[in-house]
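Please read this briefing alongside the sequence and the structure shown below. The points are grouped by topic.

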Amino acid sequence: MNEREHIIAEFEKSRERMRAIVAKADSHQTIYPRWTMKEVLDHISGWDDAVISVLNAHISGVVEDMPSVHGINAYNAETVSTREALPYEHSLREWEASREAVKKLILEVPDEKMDEVFPFPWGGSGNVADLLRIFYEHEEEHAEEIRGIIEKGR
């Protein structure tokens with residue numbers, strides 16, 4: 001298995017863990033103090049969007065403002081609030097579609113760009129594998145936290 005296949009496999013594992021949680025959670029169940037399950041999905045989709053933006057910039061060699069230029073908390077709030085009026089089913093489809101777009105983009109990163117260091121949307125920097133590892137681990141953390149919240153509520 002090459003590096004890209006490994007990254008995509010890890011993305012799939014983290015997504016499968018989250019899908020199992022989504023199947024158990026009520027769409028409007030409060031998960032975090034002010035976020036429902038729908039809003040958690042909107043949050044993850046927003047970070048997928050940021051990863052897509054940063055990877056596209058990295059591929060093209062363009063330097064652009066980071067999506068979270070005003071801070072992670074502001075970006076999180078924006079990604080959730082801009083999707084507020086969307087029905088749950090739309091958020092769920094967007095959550096799946098944005099992940100597919102990231103996976104497709106991984107395959108489009110030129111070999112010579114895989115190990116180049118570039119800035120991450122949440123701050124810091126590293127190569128493509130570093131960016132994506134942090135991102136799929138982020139989703140896994142949410143899945144584990146939410147699993148615990150759901151189990152305590154039963």
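Pro110 is partly exposed because its relative accessible area is 23%, where partly exposed lies between buried (under 20% relative accessible area) and exposed (over 50%), with a 1.4 Å probe and protein chains only. The model is a predicted one, in which local features need pLDDT of at least 70 and side-chain atom pairs count only at pLDDT 80 or more, while totals for chains, interfaces and linings use all residues. Residues are numbered from 1 along each chain as its sequence is written, and side-chain values use heavy atoms, leaving out hydrogens and water.

**Pro110**
- Pro110 sits in the loop between H4 and helix H5 (111-114); helices (H or I, at least four residues) and strands (E, at least two) are DSSP runs, numbered from the N terminus.
- Apart from residues up to four places away in sequence, Pro110 touches Arg4 and Ile59, a contact being heavy atoms within 4.5 Å.

**Lys103**
- Lys103 belongs to helix H4, which covers residues 88-108.
- Is Lys103 buried or exposed? Lys103 counts as buried because its relative accessibility is 12%.
- The side chains of Lys103 and Glu100 are joined by a polar contact of 3.0 Å. Such a contact is a pair of N or O atoms within 3.5 Å; within protein, one atom must be able to donate a hydrogen and the other to accept it, and residues adjacent in sequence count only if both atoms are side-chain atoms.
- Not counting residues up to four places away in sequence, Lys103 touches Ile8, Phe11 and Glu12.

**Asn127**
- Asn127 is in the loop between strand E4 (125-126) and H6.
- With 15% relative accessibility, Asn127 counts as buried.
- A polar atom of the Asn127 side chain lies 3.1 Å from the backbone nitrogen of Ala129.
- Once neighbours within four places in sequence are set aside, the contacts of Asn127 are Met114, Asp115, Glu116, Val117, Phe118 and Phe120.

**Ala143**
- Helix H6, residues 128-153, contains Ala143.
- Ala143 has 5% relative accessibility and therefore counts as buried.
- Which residues does Ala143 contact, leaving aside its neighbours within four places in sequence? They are Arg17, Met18 and Ile21.
- Ala143 and Arg19 are 124 residues apart in sequence, and their C-alpha atoms are 8.6 Å apart in space.

**The whole protein**
- The protein has 6 helices and 4 strands, and from the N terminus on its elements run α-β-β-α-α-α-α-β-β-α.
- Taken along the principal axes, the C-alpha atoms fill a box of roughly 50 × 35 × 25 Å.
- Of the 154 residues, 45% count as buried.
- Among contacts with a separation of 6 or more, 73% come from residues 24 or more positions apart.
- The accessible surface is about 8,000 Å², with 53% of it belonging to carbon and sulfur atoms; the areas come from the Shrake-Rupley method with a 1.4 Å probe, and for residues only the protein chains shown count as cover.
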